[in-house]
Amino acid sequence: MTDPVHRPDPPERMCPSTPAANATLFLGMITPAGRVAYVTPPLPAEVALAQAGTDTPVESRYRLAGPCVTAKCGFWTGEHCGLGERLAASYRETVGPTEADLPRCAIRRTCRWYAEQGAAACAACSHVVTDAR
Ligand code: SF4
C-alpha cells in the first residue's frame, strides 16, 4: 500500500467533483458506461453549462470542477477532503495505479484529491458521478 501524497497547498485547490453552482471548469462527460471522458485542455464551465439543457441534473451528465470550499463542504474533515480519501482508499487496495496510468485531465496540478491521495484518487475519479443534492 502506498502512503498518501502530501504536498504543500498552492493558493487554490480545485474540487474535481463540484455542483454546477460552484463550477469554473468543465472536466468531462459521463459516458453511458458511467465513466468520465476527460476533456483537455479545460473548457470554462459556463460554456459547457450553456449547452447542457435541463432534462436531467447536469451533474448526472457532466463532471465539473471548481474552487475547493474546504469547511463549507460536508466532506471537509478539518484538514483534508474526506471524500477523496474514501474513494482513493477503495482503489488503492484493488488497483494500485501508477503515475503512468493516470487519465489525462485538465486540473491535476491543482486537484485537491490528487494532492492529498496521489494516483489512487485518479483511479477512483473516473467512476465518480457528482451528487448535487
Ligand atoms: S483524474 Fe486525478 S487529478 Fe484529475 S480530477 Fe480526477 S483525481 Fe483530480
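Modeller: On a 1 Å grid over the protein atoms alone, a cavity is a set of points where a 1.4 Å probe fits but cannot get out, whereas a pocket is an open set with protein on both sides within 12 Å along at least five of seven lines; lining residues have an atom within 4 Å of a point. Points are joined across faces, edges and corners, and a volume is the space filled by probe spheres set on them. This is a predicted model, in which local features need pLDDT of at least 70 and side-chain atom pairs count only at pLDDT 80 or more, while totals for chains, interfaces and linings use all residues. Residues are numbered from 1 along each chain as its sequence is written, and side-chain values use heavy atoms, with hydrogens and water left out.

Colleague: How much space lies in the largest cavity?

Modeller: About 100 Å³. The structure holds one cavity of 30 Å³ or more. The largest cavity is lined by 13 residues, and those closest to its centre are C105, R108, C111, C122 and C125.

Colleague: Which helix gives the largest share of that lining?

Modeller: Helices (H or I, at least four residues) and strands (E, at least two) are DSSP runs, numbered from the N terminus. Helix α4 gives the largest share, three residues. Both α3 and α4 (119-125) supply at least two residues of the lining. The cavity lining has 12 nonpolar residues, no polar and one charged.

Colleague: What is the volume of the largest pocket?

Modeller: The volume is about 380 Å³. Its lining has 23 residues, with C15, S17, C73, F75 and L83 closest to the centre. Helices α2 (82-94) and α3 (112-117) each contribute at least two residues to this lining. By class, the pocket lining comprises 15 nonpolar, five polar and three charged residues.

Colleague: How many salt bridges does the structure hold?

Modeller: Two. A salt bridge is a side-chain nitrogen of Lys or Arg within 4 Å of a carboxyl oxygen of Asp or Glu. One joins R61 and D55, at 3.9 Å from N to O. The other joins E116 and R112, at 2.9 Å from N to O. E116 and R112 both belong to helix α3 and are four residues apart, about one turn of the helix.

Colleague: Is E116 buried or exposed?

Modeller: Buried means under 20% relative accessible area and exposed over 50%, with partly exposed in between (1.4 Å probe, protein chains only). E116 is buried at 10%, and R112 is buried at 5%. D55, in contrast, is exposed at 65%.

Colleague: What is the order of the strands in the open sheet?

Modeller: Two strands pair if DSSP finds at least two bridges between them. The sheet has four strands in the order β1-β4-β2-β3, with antiparallel pairing. β1 and β3 (36-44) are at the edges with a single partner strand each, so one side of each has no neighbour in the sheet.

Colleague: How many bridges join β1 to β4, and how many join β2 to β4?

Modeller: Two bridges join β1 (residues 14-15) to β4, with C15 opposite G66. Four join β2 (residues 25-30) to β4, and there L25 faces A65. Strand β4 (residues 62-67) is mostly covered, with five of its six residues buried.

Technical notes:
Nonpolar A, V, L, I, M, F, W, Y, C, P; charged D, E, K, R; others polar.
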